[in-house]
Amino acid sequence: MTTDVWLPFAPEEIPGLPSAADHGLTYRFWDGGDTFPADPADCAFYVVPYLKGAEIAVRPLAGMARAEVVQTLSAGVDHVQAGMGPLHPGVRLCNARSVHEASTAELTLALILASLRGIPRFVEGQRQEEWRSGFYPALADKTVLIVGYGSIGSAIEDRLAPFECARVLRVARSARDTERGPVHPLAELPSLLPEADVVVLSTPLTAATRGLADAEFLARMRDGALLVNVARGPVVDTKALLAEVESGRLTAALDVTDPEPLPAGHPLWHAPGVLISPHVGGSTSAFLPRAKRLLARQLTHWTAGEPLDNVVYTTA
């Protein structure tokens, strides 16, 4: 009987992997194709194919009777955790903390600056050969509220630092102190929303955050504020957001939507004041080398019997 490790990259392309011969492993390549590379029952360490959707991600799980670790290459794990019910107790689910922070934070700043400074309007003006000058909002002197102050939220603040914001407010599930200042608990969010010019959502999708940015949440945002979603689409109530942007009271920059992909004809495509990017927060040149380093590190820990990084859930 072999002990298989399923990888979405060819093993010879991942520097630093533990020796298969020394540890009794067989590395199998599977990137979500129709045919499994081997019997899922022999897989002990499963790395989920990246950006292939929930249906493909969970397809082999029911047969993985010997699974010990399920490793995603995404920051969010909601698309995988929901399919782990058939697994035996003690299987660890790990996310890709350390892989996406830089790229997602870069895009967050790009969306904020593009929205505030009118870049979509300039692009359209260039197409129409129109000189659309005028005064536009600056990020300088604005108050930014980051909802979901984990590793990505912290990376976003790193990149906000040179832009001379008036304040950065931080919210997470529970209160704590950081070198930069306090992190407020989620319970204090309603009182903080009216203070922010820009509200950034970078929280994982959980039962507590699904629909977090609902009509009441959005109504508490100050007139003219910008909502930026780099979390998951269902964190925002799309119908409630449409009502606010169509009235002109709020603007939005969305890397994720609900539904996703956004279908042709959906009103969000042409809603005033809305900038949409197609869920590309982590899809950059920085992804592959960081993902490979994570896998080499996690498999080294696992074969040595050491604690794994980024464990977010364990089957009961």
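A salt bridge here is a side-chain nitrogen of Lys or Arg within 4 Å of a carboxyl oxygen of Asp or Glu. The model is predicted, so local features need pLDDT of at least 70 and side-chain atom pairs count only at pLDDT 80 or more, while totals for chains, interfaces and linings use all residues. Residues are numbered from 1 along each chain as its sequence is written, and side-chain values use heavy atoms, with hydrogens and water left out.

Select Glu195 and Arg167 to begin. Their side chains meet in a salt bridge of 2.8 Å, N to O. Glu195 sits in the loop between α7 (189-192) and β10 (198-201), and Arg167 in strand β7 (residues 167-172), 28 residues apart; helices (H or I, at least four residues) and strands (E, at least two) are DSSP runs, numbered from the N terminus.

Next, select Arg222 and Asp197, whose side chains form a salt bridge at 2.9 Å, N to O. Arg222 is in the loop between α8 (215-220) and β11 (226-229) and Asp197 in the loop between α7 and β10, so this pair ties together parts 25 residues apart in sequence. Asp197 is buried at 17% relative accessible area, whereas Arg222 is partly exposed at 33%; buried means under 20%, exposed over 50%, partly exposed in between (1.4 Å probe, protein chains only).

Move to Arg180 and Asp158, a salt bridge with the closest N and O atoms 2.7 Å apart.

Finish at Ser103, in helix α4 (residues 101-117). Ser103 is buried, at 4% relative accessibility.
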